[in-house]
Amino acid sequence: MSDLLDDDLEFRIGTLQLSTDHAATNTENQREKTSDAREGQTNAQQGTEEAVQTVYPRYDVPFNRENIKDFFTFRRGVVENAIQECITALLFPEDGEYLGSWLLTEITLWDNEKERIVLLTSRLVMTIKYDFIAMKQLDFKKTYLDDLDTIVIGELVYPPSSLVPRLNGIASGVTTVVKDCVIDRLCRRPSEAEEAKLFDPKYFEPRERNLRGVRLMWNKGEALPLKTVWNPFSQDVPFITFASHPIYWHKDGGVDERSTYDMELFAEKLQRAVETAPSACCIHHSPIVIQSYVGLTSLLHNKTSMGFFKVRGKFSF
């Protein structure tokens, strides 16, 4: 009997030792996996930091925090009061159900950016030119949803033979270098790393728009006549293009506070309105081609923000 007990005890002890060894092996494997995971996270974080450090200025975030404060529309209550005034004065019951209002950037045929109030109803899109200094309406245009045949939502791009991206890159590079050379050097002496980075050729690389937009078209797929293409003052352009307002990237708060300046929200509600209305309008998600090939005037116009009401030194226009 004692021999049986001894054998059973030895068997149980052996089993316990095997289980302990197996648990220790599992613990070591888990520690190794945890260590590998931590190393992977560390490498990923380092890679992200390196990626952030190698990001260069892009054209898709127009202006900076200080310059955006010169816009009259950045002031509290200005946009809200202007939109309410336009709704009261310009919308009538026959225009359909009111769906929303925005302050967006209109991009003309000649690639000029202009500040516009946009009202959307179940029947039309109203584009309003508004003086945010004198706080009065200057002009407006109605585009009925029934007349639309195509809506395009996507990236704003230039034709392959366009010189505009190259000119944008040169202008942005010169602006960056002048700022670093003049302003930063007057404030402090740059380090050797900043000195080497100052003339980085990436600052002068061609810059596309890197901006999304929506285009409303009613030309039935026909090409524009030459008298319209070569006339910068033509009012017969059968399409209109919108992008988000520059304030969208600098407005404090969350999604609700920036929704008034968001092209994506406007495009979403426009798409719903078109799908609800009995129209034959087609909606495409594809690049929007801006037919600008040289763009010297538009470059000057957009860099100086001539299409926006803002403080310009001692003057405001």
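Analyst: The protein chain has nine helices and eleven strands, where helices (H or I, at least four residues) and strands (E, at least two) are DSSP runs numbered from the N terminus. This is a predicted model: local features need pLDDT of at least 70, side-chain atom pairs count only at pLDDT 80 or more, and totals for chains, interfaces and linings use all residues. Residues are numbered from 1 along each chain as its sequence is written, and side-chain values use heavy atoms, with hydrogens and water left out.

User: How long is H8, end to end?

Analyst: The expected span of a helix is 1.5 Å times one less than its number of residues. H8 covers residues 263–276, 14 residues, and reaches 20 Å from first C-alpha to last, close to the 20 Å expected.

User: Which residues of H8 are buried?

Analyst: Buried means under 20% relative accessible area, exposed over 50%, partly exposed in between (1.4 Å probe, protein chains only). In H8, the buried ones are Met 263, Phe 266, Ala 267, Leu 270, Ala 273 and Val 274. Down the axis of H8 they fall within an arc of 125°, so they line one face; the arc is that of the directions from the helix axis to the C-beta atoms. On the other side of H8, Glu 275 and Thr 276 are exposed.

User: What covers the buried residues of H8?

Analyst: Look for contacts, meaning heavy atoms within 4.5 Å. The cover includes strands S1 (98–107), S2 (113–121), S3 (124–131), S5 (150–157), S6 (212–217) and S7 (239–244).
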